[in-house]
Structure formats: structure tokens, C-alpha cells
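Work through the following exercises with the sequence and the coordinates at hand. Each task is followed by a solution that goes step by step.

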Amino acid sequence: MLADLFRAAAGFWRFRIALALTLCVGLFAIIGPFIAQHDPIAQFTEVLIDDKGRLAGPFEVSGFWLGADAVGRDEFSRLVHGGKVSLIVAVVASSIAVSLGLLVGMLAGYLSGPVDSFLMRLVDFVLSLPFLLVAIALNRVINRPDMLTVAVLLGLLSWTSLARVVRTKTLQVRRCGYVIAARALGYGPWHIMWRHILPNVSAPALVLGTTTLGNMILMEAAMSFLGLGVRPPVPSWGSMLREAQDLMIHAPHLVLFPGLLVGMAVFAFNLMGEALRDVLDVRSH
Amino acid sequence: MVEHLIRRTAYALFIVWASVSCVFFLMYAVGDPASATLGERASAEQLASFRAQHGLDRPVLSQYLTYIGVQPCHVRAGYCGLLQGHLGDSLRLDATIASVFVERIPRTALLGAMATTVEVFVGVGLGLWAGATRRRWVDSSLLTFAYLGISIPTFVAGLIALDQLAFRLGLFPVGGYGETPLEHIKHALLPSLVLGLLGSATYLRLVRSETRDLLADEFSRMLRSLGVSQRRLTLRYLPRLAVLPVITLLGLQLPALVGGAVITETIFGWPGLGRLAVEAVYNLDAPLVLAIVLVASVAVQAGNLLADIALQLLDPRVLRS
Amino acid sequence: MCLTFAPTKPGRSLPWTVSPLRLIQRAARFERAHRQRLLVEGQSRPPLRTGRCPRRYVVIIASALVMCQVALTGCRRAADHPLYRGAGHKAPQAGGTFRFYHETNVRTLDPHVAYDELSIAALRLVYEPLLEFGPDGELAPGLAEALPSLSEDGLHYRLKLREDVVFQDGHPLDAEAVRASLYRMLAAKTGSPAAEFFTKVRGLAAYRAGRTDHIAGIIVEDAHTLRFELSEVDVAFPFALGLTFTSPIAPSALARAAAGERVPPLGTGPYRLESWERGVRLTYKANDNYHTPSARPERMVFYENVPRHLAIMRFRNGELDVLFSFSPADATFFRESAAWQPQVHENVDAIIGGIVMNCELPPFDNVHVRRAVAFALNRERWRAARGNSFVVWGQPLPPMFDGSLPPDHPSVQHYDLARARAELAKAGYPDGLPYPIELWLGESAGAQVSGQFAQADLAKIGITLELKPVSFAVFLEETSKRGRVPMFFSTWGQDFPDASSILDPLFHSRGIESDASQNRSFYINEKLSRLLDQAHLTRDAEERNVLYATASKIIAEDAPWAFLYVPLRMTAYQPYVRNTTHHQVWSHAYESVWLDLPRMPWTHMQSARKAN
């Protein structure tokens, strides 16, 4: 099925470019760590910071292509390893969001009645919570600032829009002949949802899931910016932005590099989402 | 219609209650406000008297009931009696929450309103243009802009704009709030431009696709058959139909706006609710956090309700479905 | 989407109703009337093509590149010199507005409650304590005519007040007003954090418990004389009279406070509060009835909520008159810039910073492990990387205190990797600790950077650290409880310039409590506690210094803290701000400042001359 999708999509220029960009970002984060010569955590204070406290810029010290970060570590290594962390967080968070969204959406749409109204109430409730405040407070309660916590937190707070879309789609599919037929044949709700409804709602889920990937990268960056991201010294693009914030006037490239990579990754995933929307002919609203 | 409204309002109140309660227990789980408020030099005796004064030494359920206002409150300070209309006192700032809100809410609202104005006008205008134009490069550039807007984190754009436009070029004041109403607007200009331009991308994409659909629709064909030019069609007739989804989106975007205020206000040093909210959560100023959550969720629900009503009034199709 | 052309009832629709049908009806009518302008349009837009690479993406890439270029190189270079200079007056000038700032919100202007740096900075312009601290931390008579006189037995302090002082509400300052103010401050209901400094005042406990309505140890002798009676000798007591908590509040304001209102800011200070727009700014105007007239700015403006990255931009733009928050890179910039360099002052702060180890939790119950940590930290390396923003300091008392050891004293902690390894081996861990240890720290970027330094240094001797950034609130609560946090970053500043203000709370065993401990390293050394108690009773200064030096030596060797640094307080002023002073106790001390106005634009000639 994926192969079919790929073949169908390959004709679209938008898809090709999105794929190329995604590959760029992905390879940067996956292969990059093998290319980077230095440990992203090791501090090369003696080499990269002079007596007066000036940081080495890009291409000033051989072997350190992008110069030093605020603590005298290799900026390039941190960028590639940070990419890995950011992408993992994004992927885990979106997987959680997509699975939850699919489950809730299908359950609500197919079972309707009290289940539906309860689940939709839950959706409204989660939507009305002030995201960042709740994230900060939850983070305090869990009190374990690592990759997994951040990912789970993001996933748990961002499945709602997908659930709504899936529910609407399920409501449409439910009225179709083959679902009614399956029900008449005596198949249970789980079977029908798994075999007949899931294939029909997977297209919008795929499209929204791809866009969510981009959003999760942005959210991770925002959380890190507020100091709620991964545990230092683990690098992520968001935490690098945070550490560089103070150096804005003096070393703008330290803000720019991770900022640009975040932008590029989000751009790639959004474009990919749009391309898939074209290919799969999913209506946006 | 009236019955529908009543049902919607009741539902909105339920959601507000649920979020406030949820945050109440969350804040309780986070930790004890006493040591956070009194600082590192507080003695055990001071901590105990603070807890007693604010009713923090009672079981959580009883604290919750007094907060909601079901149980009578027997402490003077602190927080109790939400149903009776008391927001309580901030633990950290020497002020009532009501007086803090009177000052802060207009500030956040001003920034939000200006940002939304930019967002909607730029988004709808460019969206119509991109949807109706036949020049592919115009469409391409506008879409590019939209994609960039969605992809760039607000705080990166905000920091760069502050450094380049405000500090180096001196086109805008460097953050802050100003003294007179006119100055407030002047100081809000840069943040609302950054927020608005980045945020307009969502509207642009929506209006663009809506416009395209409408142009390909029987409706436009009918108008064209009446002899309406493309220009007149897009400038005069399409906007009225294309804004309908914008109104829904406006309602849906309110939470994002409230949440976004946290980061924007931190970057631009805007003395509104968002910055205060973060400070309050960090310092475990529970009454203040709860009051902010209350205001935020009321705003969000009210936004949704208003969008709902507006749609009912503007689009007869909604009523029928 | 397929529009349904639903007929709408004409009566109920608004004029703006946008039913497609009605719109078309209206359009038809309208267009018929303007028939001459009609153009016949072609068919609808062609479908999306997929053949050629759309130009859109070229545009995207090009514009991204342009934006990078702009962000990297900048539209314009910012000036590396001040924008304004002074008019060149020699004699102090009165008038003008002095503008300073802070990063967060002022919590309160009640001098009896305020204990944070920010609130104290805001209220010190309006209020004055009974005694003052001079710039070097020495006690000076403030509202008193002279320093308090001490009786033979060391228990009675007599304080004679100045007779020419008037409150801002017009009431003259007398002993009765001061007494009333002190009573309010010390009442349990007020919740003042200062009570612990006055515990030795006779009869305080009874008053706080509500058993009496007067304090036996605070006696009004005549209209302008007060006597304090202590229950035991305390050499450090006069310092407590210099804290802002002792500031007298005007009687009319006290009356309103008693009625349950908030205290209106009415003190005896050089400025009166004109307006306070909460969260934005406090504006002060010079108090014309101030007892010691001098040439000073007519107004002070205190901006709240100016984060660090904005403060530096606004200062360089000439919108703020003083800058005190520097990132390491900012500090380097100001030191390197020839034009700015004379405007920058760096002074050692009376704060000690280090890593606290919980002496009750393994492995830090073993003194050798603690010493190993203290020797393993390469403090000089940190200093370079943090923009030389501190002085390396391996002992509990900052350098300005009597009783601090000379930096080359053998007991002072310092970086010595071999010794660190030896100590760890002595503790029974020749190959390093077999398990990781949590190091708690604050959430600021700076704290996290320091944490990463410590992590790298201790890894060299085989101690693995796990960094745990927590919010300040959680940090405070957890570190004060017994047996919770093994290791954390901490700083401690003086309340008043006396060694007891640092050593007593941090290292005396009395400071340990199971719930709200001040002694957060849970370090118990009875010999040290006795030494510290003895110092309070010792009235001979020399003898006292020896006691504190011995205490410093014991603490440095036992290493409940790995002492790291004493921060440098860096302050930059605009060139037209004159007669600035560094104050050892107060971080915002602008009372001597005058402004050399009108300010003139900075010229390049001048900057060249200065460079030469």
C-alpha cells in the first residue's frame, strides 16, 4: 500500500521536493552523528574560548566547522545530535497523538451516543486547557526532564484535532453500504472499525500526522525555550536556541543555525502534509 | 436558537469548571507554595504560620471545596469562594487578583487584538489574492510566505526582529510598554506585526483554498454567466463567502493566541497576563495560576460561542444542517 | 463542496446575510444596472499542473537565503560606543530623571515584609532604616544621631534619633513613631521575615505569642531616645538595626495598615512614590522635606519586567541609565569596547557560590568524597568560559569579611586533580563512584551551563553526575528537607556585613530542621557550632576575627560545600551619570548619583580620542 502511495505521489512536484527536504533533514540527523568528529557533550574550552571569553566562530578553528557554542562545545556536533533528539521527540509525540486521535475519533464516530458525547467533551476539555501552563505544571509533577517525558507530554496534549477529523470521517463511512453489510453479517464493532473504517480514515490521519510532526518540532522548541525540554547536557534544537538567546547580539549564528534547521524541518513536514493531501485527495475542512 | 444557545453556554461553563478543577489539583500536586513564597531564609515557624493563614494545612478536598465556594471559608487571606465571585489574593504579589487583572487583561487584550487584526487582514487579503490570481508566481510567492510563517518559531522570529528592526534600525521601540495609550500601541506594533505576519499564514491558506473552491463552483459560474468580471467577483462577492471559515478559525485560534502570549510577552517584555502566568506557575502562586486559567478558558469558550453565533447569523446553511 | 441553493425566508435574514442564492439575486440586479461595465469571462481556472518544477520552490529557497543573510550580517552595525555624553559640569547638578530597571515584578512596598532584592531596591528610595550601611559595609548613623551606645554589660543599646527628620506625611519623626513601627514589624500577624534577627530582644517571644501587647525590651526613654534591651549578649545586634525592616513608617500610614488596608508608601526617604503602574514602572519624585538636601535627580523611574536581552538593547539605545544584567558575551563586549570600558565598574559581591553536598546522604557522609569533589572542580576554566564574571574563591567567607583566609592558605579549596583522585581512593573508591549522583540546579540557562561544567570536571575522577534542573520553588522546598537532595548548586548572600550572617545559617547545627532547614548541607560539627556561638559573645574585634578564621578553616577542610566563586557585580552607567558608587550591601544604591544634563550626542572625535 505504501508503495502504491509512493508511486502515485511521485508524479507530484510538491511531493518530490517535500521528500527531498525531509530526506535532507532526516539524513542530517541520522548520518550526521557519524560524520561529526566531536562528542556533543565534551567541552573544548581551551581551544574554543579565548582568555577574554570570546567564542570561536564558524571555520575559525579547524575541525570545528561551525565554531563553539556558549560553553565551548562543537556547534556542529550539537546540531546533528540535537536534530536526532528533536526528531525522536517529534516522532514519538506524533505517534502518540495519531494513535490516540484515531482511537478516540473512531470510537466516538462509530459508537456514537453517550460514548461519543463523553469523548467529544474530553476533546473540548483538552482543547480549552492552556497548553503551555498545563505543560509546565505537569512537567513539575512528573519532575523527570528527559526526552520521553517531553514526548509523551506533547503527545497527550495534541491529539484532539485529529480525533475530531477522524470522527467526522467515521460518521460518513458508517453510513456506507459495506459497513451496514458488515454489521448485518454480525461482525463486532472492533472488527468493523479495524477492517472497514480504519482504511478509510487513514488518509486524513496520515496527512494530519505529517503536519503534526512539524508542529511537534515547534512545540519541543517552545518548551525548551521556556526551560522545560530535555535534560542538559543532551542537545536538542530547542535547548540550543535557549542557550544561544543571550548571545543574540554578539553571535547571531548560534540562534540562526538551530532556528533555520527547525524552520526547515517544519517546512518539510508541512509541505509533505500538503503533498499527501493532494495525492490522497483529502479535503481540508 | 435560544435553546441551542443555552445548551452551548451550559456546556461552556462545564468545560471551564473542568479545566479549573483539573489545574487546581495539578497545582496541589506540584508542591507547597509556602516555601516558594517565603524564600530560602524562612524558618519552620514562619512556614507553619503562612500555611495556617492561607488554609494550606487542610486536606486537599476541603481546600478545593472552599476554593469553589461550596464550603464556607474560614481564612481571611488566600483563596476561597469562587462561586461568590472572589478570585482571592495573590500569594506572591501584595495585591488582590482582581486588581492585578484590571491592569493586566487590557494589556494582553490590546496585544491580542492588534495581532489578530494584522493576522486576519493580511491573511484574508493575501488569501483572496492568491486564490483568485492567474499569475502563478504571485500564488507561489504568497504560498511561500505562508509556509515560512508556519515553519518559523515565534521566538526565533521575535528575537531576530527585535535585534534587527528595533535595536539596529530603530524602527520600533525595543520591547516594553510605554506610558500613554498611543505609546502602548506603538510598543505593541512590533510584537503584533511579528505575531500577525507569522499567524496570517493559517488564514491565507484557508482563504486561498476556499476561494479556489468557490471559483470552481456553480455559484461563481452563475455569477460569471451574469457577466460579472473576475475582478468584481473576487473583490465584491467572494469575500462574503470566504470569510465564513475564517470566523470559525478565529474562534479556534483563541487558545493558540492565549498560549502564544506566554512566549511573546517573555520575548518582548510585555507586562501582560502571559508573562505573569509563567512567573506564577514557577513560583507556585496557586490562586493566581487558577485565576489566569479561569480567565483563559472563559475567553476561549466565549470565543467559540461567539464564532458559533456569528456563523448562525451569517450563514443560513448552518442552521439547516 | 457543493453549495445547496436553499431558499431563505426573506424576513429573518440580516442585511449582510450571505446565502449564495440571495447574493446571486442581488448580483444579478446590480450587474444589470451596470451592464456597460460587464466583461464576459472565460471558463474557470485550469487544474493544477504537475509537469514542471514550480517556480514557487525557487522563490522559497531564494527568500530563505536572503533572510539568513539579513539575520547573519545584520541590517546595520550597532554603535559600539555610548550614544550620549554629559554636558561637562564639574559641580553636582540637581534635576533630571534617572532610569533603572529590574527583570521581574516588584512584590510589595511594605518595608516590614519585603525581603527580595527587587522590592528592597524599590522601597529604599522611600524608606530609611534606623542605621545605615556605608559603601564599604560599615555601620553608619542613619536616622540616628550616632551609632548606638552600649552599656557595660553589653545588653543595653541606646539609640538617639535625629531631631530634624520629618515623615512624608508631615509628621515629625520621634521615638514613639519608631516604637509603633517596630511593634508592627515584630507582630506575628505581620509575618515579617525579620523576627529571627531580633529573637534576643527581651520579651519578644511573649509579644509574638500574643501574651502581652508590648515588648519589654524596646523602651522609649524620651521623645528622641530609644533603648533596646537584650536577654543575652549579641555583638551582631546593631547590624540588624541597619536592615530595611527597621524603617519607620509614617503614623498615618500605620493607622491605615491597622485598619486592614495596604500600607501607603510614606517614609522618611529622599524620594516619594508618585505612581506605580504595576508590572510596568514606579515613578518617584524628590522629597523636598528630606533631612539631608543634596543635588540629586528630580525623578527616579524604576522599570519592572525588563528581561536581560531587552535591557542591554535599551541601555545601548540610551533608554536606561544603568545596566547590571550581563550575559558572559555582553560582559566581554563592554570590557573590550574602548568607549564603554570607563563606564563599567566591577566589584566583588558579598556572595559565596558553590556546590552543596548533603553530609547525611551517602556518599557525602564521607568527608573524603566531599574533599575529592572540592579538589576536582577546575574553577579557573569555568571563569574563562563564563566571561570572567567571578573571582575563584575556595572558602566560605567572601574576601571583604574579617575572618576570611588569604587565598593561598593551604586549607583553601582549589583545583588539584591528583589530590582529588587520592581523596576518592582514601574513601574507598579508587575507580570512581559506582553509581551516578543527581546534581540539582535552577532552570536558568546559566545554571545549566554551570551544571555541565561540573559534570565534565567530576567525570574526570570517575563521578557521574545527572543534572536535574528544577524550578526555584521545588528547589527551595526539597533542599530544605532532610535526606532528599544529595547535591545542588547554591549561593548565599549576606544579610548584613558580618561573618555571622553567612556562617551561622549555613553551617551552625542549630540551622538544621527536618522540614525547613537553613543548613542545607546538614553539616553537623559541634566544635564549629561552639566556636560560632562564642563569636557572638566576644566583644573584642581581634579575638572575634581569629575565631571566624578558625571556623573558615574547619569548614573549608570538611567541605560540606565545594566553594567555587564570589561573583563580580558588573555595572555600566551612561557617561552623563556622575558620582556613582559601589555599595557592598545594597545592589541598587543610587543615592549619591547626579546627572550631567543636558546630554549631548556622542561624537566620533571623542570616541577616537578616548581610544587613544
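**Exercise 1.** Does A93(A) count as buried or exposed, and at what relative accessibility?

*Solution.* Before starting, note that this is a predicted model, in which local features need pLDDT of at least 70 and side-chain atom pairs count only at pLDDT 80 or more, whereas totals for chains, interfaces and linings use all residues. Residues are numbered from 1 along each chain as its sequence is written, chains are lettered from A and ligands numbered from 1 in the order in which they are written, and side-chain values use heavy atoms, with hydrogens and water left out.

The scale comes first: buried means under 20% relative accessible area, exposed over 50%, and partly exposed in between, with a 1.4 Å probe and protein chains only. A93(A) has 0% relative accessibility and therefore counts as buried. Its place is in helix α5 (residues 75-111) of chain A, where helices (H or I, at least four residues) and strands (E, at least two) are DSSP runs, numbered from the N terminus. In space, the C-alpha of A93(A) lies 4.2 Å from that of G155(A), although 62 residues separate the two in sequence.

**Exercise 2.** What is the strand order in the open sheet of four strands in chain C, and which strands stand at its edges?

*Solution.* The order is β2-β11-β10-β9 (chain C), and the pairing is mixed; two strands pair if DSSP finds at least two bridges between them. The edges are held by β2 (97-101) and β9 (271-277) of chain C, each of which has a single partner strand, so one side of each is left without a neighbour in the sheet. Neighbouring strands of this sheet are turned by 20 degrees against each other on average, direction ignored, where the axes are lines fitted to C-alpha atoms, for helices over the stretch in contact, and angles run from 0 to 180 degrees between N-to-C directions.

Strands of a sheet pair through backbone hydrogen bonds, either parallel or antiparallel. β2(C) and β11 (residues 299-303) of chain C pair in the parallel sense over five bridges, whereas β10 (residues 281-286) of chain C and β11(C) run antiparallel, joined by five bridges. In β11(C), V301(C) is the bridge partner of R99(C) and also stands opposite T283(C), while Y303(C) is the bridge partner of Y101(C). Four of the five residues of β11(C) are buried, so this strand is largely enclosed by the rest of the structure.

**Exercise 3.** Which polar contacts does the side chain of R99(C) make?

*Solution.* Locate R99(C) in strand β2 of chain C; at 17% relative accessibility, R99(C) counts as buried. A polar contact is a pair of N or O atoms within 3.5 Å; within protein, one must be able to donate a hydrogen and the other to accept it, and residues adjacent in sequence count only if both atoms are side-chain atoms. The side chain of R99(C) reaches the backbone oxygen of G318(C) at 3.2 Å, and a polar contact of 3.1 Å joins it to the side chain of Y576(C).

**Exercise 4.** How many residues of helix α10 of chain C are buried, and what reaches the backbone nitrogen of H368(C) at its start?

*Solution.* In helix α10 (residues 367-376) of chain C, seven of the 10 residues are buried, so the helix is largely enclosed by the rest of the structure. Among them are V369(C), R370(C) and F375(C). At the start of α10(C), a side-chain oxygen of N366(C) reaches to within 2.9 Å of the backbone nitrogen of H368(C).
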